[in-house]
Structure formats: C-alpha cells, structure tokens
Amino acid sequence: MENVAEKAFFDGKRPRRHSSILGSNSAASLELIKEQYDSIKDELRDMLVDSRCALFGFSKAAEIFEPREILSYSSLEDSEEFENDVRELIRSIYFVLESRRLDLSYEKMDVPPCPTLQEEEKYRIGVENKTSKLYKKKCIGRLRKQVADYTLLTGLPTLALDAYSAAIEFLKATNDWLWLAAAFEGWGCAATVLKYNETEERLRKQSGLQRVSSMTPVQMRDYQDKVSQHHLGVSIGHQRYRSDDDQLRLASAAASAAQLNELETQQKKVFKRPWQLLNLEWSQLAKSPLDHEEIVERFKTALENYEKYSFAVMIEYECMIRASSVFKHQRLFVETEAFLRDHVGKFLDDSFTLFNNIMKGQICMACAAIYKEIGFQRKNSFFSRLAVLFRLHVTEDESRTEADYRLVYPVLYRTLSGYGINDNGKDAPLNGPIAVQVKALHES
C-alpha cells in the first residue's frame, strides 16, 4: 500500500478502480480503450518508435485493433507468453534504433531534412534561407544530435560522446541554442555513464546474489527440480538420481555458493570503510579521463540555454536533476546540496506558474529522495513535508477530502525521524525540546 500511495502522490491522483473497463468484455469497452490508446500514441507521435496494447480477457480485440498492435490473452493467468512478447517488442525497437543510428545518408544531401519542434515556431524570427550553407549546417547538426541519441539508447556511450561532440560543433556555429542545449545535456549523460558506470552500479544494487548465496545445496537442487517441472508443464513424479551425479551436483552448487559468499564479503569490506569514501583513488572511477567539473559545466551550459525557452521548462528541470547526480556520484554531498539549493528554488517559487502545485510537489519529493540517498535526513524530511503542503494546496472553489489526508499521512509519518522525533509516542517526554518540536510540527 505504501508504494501505491506514493505513486498516487506523485501522479497527483487518488487511487481508482478500473474494473469497470478491464473487466467488461464488450465492444464499448474496447472502443474506449482504443480511443485512449490512439490518444496516447498521438501525444507521443514525435518520439514514438513502436507500440503495443496489452489486453487481458478480450476475445474480439482483433476486430477493433490492428493485429500487430495488440498483445491479447484470454486471462491474466494464461499470459505465460506475455514476458516473451514484451522482450520481442523491445528487441524490435532496438533494431529500429540501430538502423537509424547507422543511417548517415543526410551528410551527403544538398538539402537535408531539418527536425523541428512545434513549439519552436513562435521563437523563429524571419524566414530562413533553405539553400544557404548555414541552414544546411544547422540541419546536419540537429540530425547528428538525433544520431547521438540513438547511439546512447542502443548502449554505446563512447560512440555517443563523439557523436554529441560533432553535433555541438555544428550547432554552436549556427547559434541553435535549444538543440545545442540538448546536445550538451546528451554529452553530459554519456560522460556520466562512462565515468561512473551507472549500469554496473544499478545491476549490483538489483542483483540477487545475497538471496541465491543464502540457499543450501539441497535447497538449490529442490529449486532446480521445480524449475524443470515448470518447463515441462506436468509433474514427472519421483526421479531416481545416480549417486555420482548427485555428488557432483552438490559439490558444484556448494562451490558456487561459497564463491558468491566470498564475493559478497569482499564488497562489504570495501563499502564499510567510510574514510575511503573521501579518496577516489581506491576506485577505478579515478582512472577515467573525464573530469567531473567538465561534465557539470556542460550541464550548466545546457541549463542556461534551456532557460531561453519556456516550453522546455520540464526538460530544464530534468537536466538539473541529472547535473546534481554528478556531484552525488563524486561523493561531493555538500556540493550536491548547494547545487540543488541554487537551482530548485526557481521551480518552487509562487511566481513560477509554468508548474502547478502537483508538479511542485513532485519536485520536492524528488529532492527529498536525493537528500535521503546522500544522508541528509533533515533536508529529506523538510522537502517531504513541503511536498505535502503543495499536494494539499487547493483553490477557493476546491476543498480537501479525507482521501487527500490519507494519501499524505504516510509521507508525513516518515518525516518524524528526520526531525529527531521518536515515532513511538509513549517514549517521548512530556516536556523538553522533543515536545517543542512536536508542537511546532502540529502547528505548521
């Protein structure tokens, strides 16, 4: 329930039940789903590569949807192929992106196509000469930036870094500030991936090494029997094992478990030495030729250019969060807090009307998550409570409901420890600093 509440808090919506739509196998329900599906496709048409609509319990989906656009299953229990179908979709998207990455035919065109955004039209002054060399340079710069994006999406950050540098060279010469900002941001993202190896770090955090290494060899064998039975689809009954094979299997499982335990112990020895966190020489990160100050400067340049375009405010905010992650990876936690303090206030100001209160609450929750990760518990609690205030803000013609307070209560409850307040009220003293803090929180 905690995850559901947090998601509803971030979305600015109350949890709703969709059983009236998903549970009805009628043409009207399918028509409504088709309408919503087409609406989302139209909204994302500029960035959409491919799409599928997953349907469970609809027997007449092929009559309304195009066959290639649906993943239809009779029920949720009978959707064993759903994961494989999603993998096939991701694989097809990868091949599309890879083909776009390798397509460099625009370099030889006399008048290459020029990617544009609809919002750019009102910032355009005069009419551009499409036969000029400057216009051709601008088009090639934008196309190179797109190729760099495809390169980064296909998991080639080193090549993406070179592609972004080539795009920056052309976009800077034509004063194409918006696309230049995007190229600088892309360069910073590729450099961050290379320097801090975020993929490896994410896999290490999500890995199941601890869960597997805690299994005994007998439990491993029982689990393998269950997996074999699942793949066959039927029970194969009792099996007689040869003693030699059984001994070899147990020895192999025990050796694997011992190796995983040793690896986990080595990792704990490294990450439990707080004094070594102040010195980057212990890590391979220091061997990277990329300097974190250069990466931050690229992000800051991107932020300066994004500020010139009001419609890019969401991209500007996301760029700011990415820039703060560089300080966090570098373990410069004080600098992380200073950077957020200097840049996030702009988006939370009352005079900043490009974001509504729901979005401002989301920004506060994102900042709270960063502060929690770097160990700034008081800051984490402060921004969590500020997010609640934005979430509960209503206009004169609106009113708060009990559901709104139920939604924010878990967030408020988790902020008590950041202010040094014990969540067990029986242990709290009646008088003293803790009582004053509790009273101040109730009155705020």
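This is a predicted model: local features need pLDDT of at least 70, side-chain atom pairs count only at pLDDT 80 or more; totals for chains, interfaces and linings use all residues.
At 44% relative accessibility, Phe382 counts as partly exposed, a label that covers the range between buried (under 20% relative accessible area) and exposed (over 50%), worked out with a 1.4 Å probe on protein chains only.

Residues are numbered from 1 along each chain as its sequence is written, and side-chain values use heavy atoms, with hydrogens and water left out.

**Aromatic rings**

The structure holds 15 aromatic pairs. Rings of Phe, Tyr and Trp (its six-membered ring) pair if their centres lie within 6.5 Å; planes under 30 degrees apart count as stacked, over 60 as edge-to-face and the rest as tilted. One of the pairs joins Tyr317 and Phe347: the ring centres sit 5.9 Å apart and the planes make 75 degrees, so this one is edge-to-face. Tyr317 belongs to helix α13 (residues 313-329) and Phe347 to helix α14 (residues 333-348), so the pair ties together parts that are 30 residues apart in sequence. Helices here are DSSP runs (H or I, at least four residues), numbered from the N terminus. Both Tyr317 and Phe347 are buried. Phe382 and Phe383 make an edge-to-face pair too, with 5.4 Å from centre to centre and 90 degrees between the planes. Ring pairs also link Tyr317, Phe347, Phe352 and Phe355 into a cluster.

**Two helix pairs**

Now for the helices. The axes are lines fitted to C-alpha atoms over the stretch in contact, and angles run from 0 to 180 degrees between N-to-C directions.

| Helix pair | Angle | Axis separation |
|---|---|---|
| α15 (residues 357-374) and α16 (residues 377-392) | about 165 degrees | 8 Å |
| α6 and α7 | roughly 160 degrees | within 9 Å |

Helices α15 and α16 are therefore roughly antiparallel to each other (an angle over 145 degrees). α15 passes α16 in a left-handed crossing, meaning that the near helix is turned anticlockwise from the far one by less than a right angle. Contact means heavy atoms within 4.5 Å, and the residues that make it include Cys364, Met365 and Tyr371 of α15 and Phe383, Leu386 and Phe390 of α16. The residues of this contact divide into 10 nonpolar, five polar and four charged. In that count Ala, Val, Leu, Ile, Met, Phe, Trp, Tyr, Cys and Pro are nonpolar, Asp, Glu, Lys and Arg are charged, and the others, Gly among them, are polar.

α6 is roughly antiparallel to α7, and their crossing is left-handed. Among the residues in contact are Leu161, Tyr164 and Ile168 of α6, facing Trp179, Phe184 and Trp187 of α7.

**Two loop residues**

Asn175 is found in the loop between α6 (157-173) and α7 (177-196). Its phi is positive, about 55 degrees, although Asn175 is not a glycine. Asn175 is partly exposed, with a relative accessible area of 48%. Its C-alpha atom is separated by 8.6 Å from that of Lys138, 37 residues apart along the chain.

Arg331 is found in the loop between α13 and α14. Arg331 is not a glycine either, yet has a positive phi of about 60 degrees. At 32% relative accessibility, Arg331 counts as partly exposed.

Notes: Angles under 35 degrees count as roughly parallel, over 145 as roughly antiparallel, 65 to 115 as roughly perpendicular and the rest as oblique.
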